Amino acid sequence: MYRMAMLSFLVDPKTGINKDRCIKMSLVHDMAESIVGDLTPSDNVSKDEKFIREEKAMQHITSLVGDEASQEMISLWKEYETQSTAEARFVKDLDRFEMILQAAEYEQLDGRPKALQEFFDSTNGKFQSPQVKEWVEELKRIRQENHKNDKT
């Protein structure tokens with residue numbers, strides 16, 4: 001969440017995307033996971049059930065803060081979940097990008113090139129933001145270069 005918030009600072013102002021909203025959304029989008037865990041398809045939990053569990057967790061978390069902050073956090077979380085704004089779609093792209101960036105870092109750290117290819121494959125064709133698409137292409141280029149260097 002933190003790295004996504006930092007990446008949100010880089011939003012291209014020409015897009016009209018609200019940088020501050022992206023920063024906040026990045027910070028709250030996965031808060032429910034602190035209670036329900038990071039549910040993945042392999043957990044065999046339906047999307048509806050996942051949403052219910054996460055919504056309940058968000059209600060609990062936000063009950064611990066004042067009304068104004070609570071309402072803003074819930075609103076940002078729901079906006080992200082429904083992908084109803086350009087900001088939500090940009091943050092979703094950041095979430096996917098951060099996942100493959102982390103995978104690339106683990107591959108590099110462990111000296112196991114392409115070992116986490118499934119993370120990259122799972123994002124193919126899903127990025128919408130031209131800016132994030134550029135970052136993805138650069139990451140793929142760097143990853144390919146690192147793979148070549150590891151062979152020599």
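Mentor: Contact here means heavy atoms within 4.5 Å, while helices are DSSP runs of H or I with at least four residues, numbered from the N terminus. This is a predicted model, in which local features need pLDDT of at least 70, side-chain atom pairs count only at pLDDT 80 or more, and totals for chains, interfaces and linings use all residues. Residues are numbered from 1 along each chain as its sequence is written, and side-chain values use heavy atoms, with hydrogens and water left out.

Trainee: Which helices do the buried residues of H4 pack against?

Mentor: Buried means under 20% relative accessible area, exposed over 50%, and partly exposed in between, with a 1.4 Å probe and protein chains only. In H4 the buried residues are Glu54, Ala57, Met58, Ile61 and Thr62. Asp48 and Lys56, on the other side of H4, are exposed. The buried residues pack against helix H2 (19-28), helix H3 (33-36) and helix H5 (67-82).

Trainee: How many aromatic pairs does a search of the whole structure find, and what is the angle between the planes of Phe51 and Trp77?

Mentor: Rings of Phe, Tyr and Trp (its six-membered ring) pair if their centres lie within 6.5 Å, and planes under 30 degrees apart count as stacked, over 60 as edge-to-face and the rest as tilted. The search of the whole structure finds two aromatic pairs. Phe51 and Trp77 form a stacked pair, 5.2 Å centre to centre, and the angle between their planes is 25 degrees.

Trainee: Is Trp77 buried or exposed, and what is its relative accessible area?

Mentor: Phe51 in helix H4 and Trp77 in helix H5 are 26 residues apart. Phe51 is partly exposed, at 30%, whereas Trp77 is buried, with a relative accessible area of 0%.

Note on methods. Helices (H or I, at least four residues) and strands (E, at least two) are DSSP runs, numbered from the N terminus.
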